[in-house]
Amino acid sequence: MSSDHCCGECCSCSRRAICVSALVLAGLSLTVTGVTIALVFAVPKQPPVNRECRTSQNGSGFLCDDRVTCLPPSALCDGVHNCLSGADESQHMCSDLPNNLPSNLVFRCGDSRFWIFVDKKCNGMNDCGDCSDEIGIYAACPPCGPQWWECTPVEFQYCLCIPRSLCKDGRQHCYDWSDEYVCTRG
Ligand SMILES: [Ca+2]
Ligand SMILES: [Ca+2]
């Protein structure tokens, strides 16, 4: 009699054991699959409800899904994924600018057709084009910092001050020439 031949109780016993083993294996497989699905779907990365944060320069920022990374506003919708999840480049937010941006990150220029990110306000540069981001009650900027020289600039890109690095460089940057005759680079 060959070893794989069976009959009577022995045979049904062996078949039953195989069936039970198969059922146990199937059960285990389902359990593992279920646990995997649960891990993937039941513990989703919850996006932050409130994305307000302060950047390292103490300005208003955008909080990534990791709830740690705080981006300067001008990193939003610039085509570069600065948040690991890409939240700073989300199609919804970037498809309708600036309306879909967090409102605290947007500064409306004097001409309401134009807007800038708030980190471009009071940075010494004429980002609005009419200097409303640097001068006036809406911008409410502090006086020129130590790295800047206050005068009426000749160049469009400046508003109330020029960088001291432009002082005494042999070129006129202030209407009154104070950049060449008074200012020091410090
Ligand atoms: Ca970006
Ligand atoms: Ca500016």
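**A calcium site, its loop and the disulfides**

Modeller: Happy to, and the donors of the calcium ion (ligand 2) follow the spacing K-x2-N-x1-M-x1-D-x5-D-E along the chain. Do keep in mind that this is a predicted model.

Colleague: Good to know. Which residues coordinate the calcium ion (ligand 2), and through which atoms?

Modeller: Lys120 and Met125 each give their O, Asn123 gives OD1, Asp127 and Asp133 give OD, and Glu134 gives OE. The distances run from 2.2 to 2.3 Å.

Colleague: And what is the geometry of the site of the calcium ion (ligand 2)?

Modeller: Octahedral, with angles of 80 to 177° among the 6 donor atoms. For reference, ideal angles for six octahedral donors are 90 or 180 degrees.

Colleague: What about asparagine 126, buried or exposed?

Modeller: Asparagine 126 is buried, since its relative accessible area is 10%. You'll find asparagine 126 in the loop between E5 and E6.

Colleague: What does the side chain of asparagine 126 reach?

Modeller: The backbone nitrogen of glycine 129, at 2.9 Å. A polar atom of that asparagine 126 side chain also lies 3.4 Å from the backbone nitrogen of aspartate 130. Leaving aside neighbours within four places in sequence, asparagine 126 is in contact with Cys131, Asp133, Phe156, Gln157, Tyr158 and Cys159.

Colleague: Nice link. On to disulfides: how many does a search of the whole structure find?

Modeller: It finds 9. One of them is formed by cysteine 131 and cysteine 159, with sulfur atoms 2.0 Å apart. That pair links distant parts of the chain, 28 residues apart: cysteine 131 is in the loop between strand E5 (115-117) and strand E6 (148-150), and cysteine 159 is in the loop between E6 and strand E7 (161-163). Both cysteine 131 and cysteine 159 are buried.

Colleague: Which hand does the disulfide of cysteine 131 and cysteine 159 have?

Modeller: The torsion about its S-S bond is about -90°, so the disulfide is left-handed.

Colleague: Where does cysteine 144 come in?

Modeller: Cysteine 144 is joined to cysteine 161 by a disulfide, S to S 2.0 Å. Here cysteine 144 sits in the loop between E5 and E6 and cysteine 161 in strand E7, 17 residues apart. Cysteine 144 is partly exposed because its relative accessible area is 23%, whereas cysteine 161, at 11%, counts as buried.

Colleague: And cysteine 151, what is it joined to?

Modeller: Cysteine 174, with an S to S distance of 1.9 Å. Cysteine 151 lies in the loop between E6 and E7 and cysteine 174 in the loop between E7 and helix H3 (178-181), so the pair ties together parts that are 23 residues apart in sequence.

Colleague: Last topic, the nonpolar cores. Which residues of the largest one touch the most other members?

Modeller: Of its 13 residues, those are Phe62, Leu71, Leu76, Cys77, Cys83, Met93 and Leu101. Apart from it lies another core, of 8 residues, and Cys151, Tyr158, Ile162 and Cys167 are among them.

Key
Residues numbered from 1 in each chain as written. Chains lettered and ligands numbered in written order. Predicted model: local features only at pLDDT ≥ 70, side-chain atom pairs only at ≥ 80, totals over all residues. Heavy atoms only, no water. Donors = N, O, S within 2.8 Å, 3.2 Å for Na, K, Ca; no water. Tetrahedral: all angles 85-135°; square planar, octahedral: opposite > 155°, others 65-115°. Core = buried A, V, L, I, M, F, W, Y, C linked by side-chain atoms within 4.5 Å. Buried < 20%, exposed > 50% of the residue type's maximum accessible area, 1.4 Å probe, protein only. Disulfide = S-S within 2.5 Å. Helix = DSSP H or I, 4+ residues; strand = E, 2+ residues; numbered from the N terminus. Polar contact = N/O pair within 3.5 Å; in protein donor to acceptor, adjacent residues only side chain to side chain. Contact = heavy atoms within 4.5 Å.
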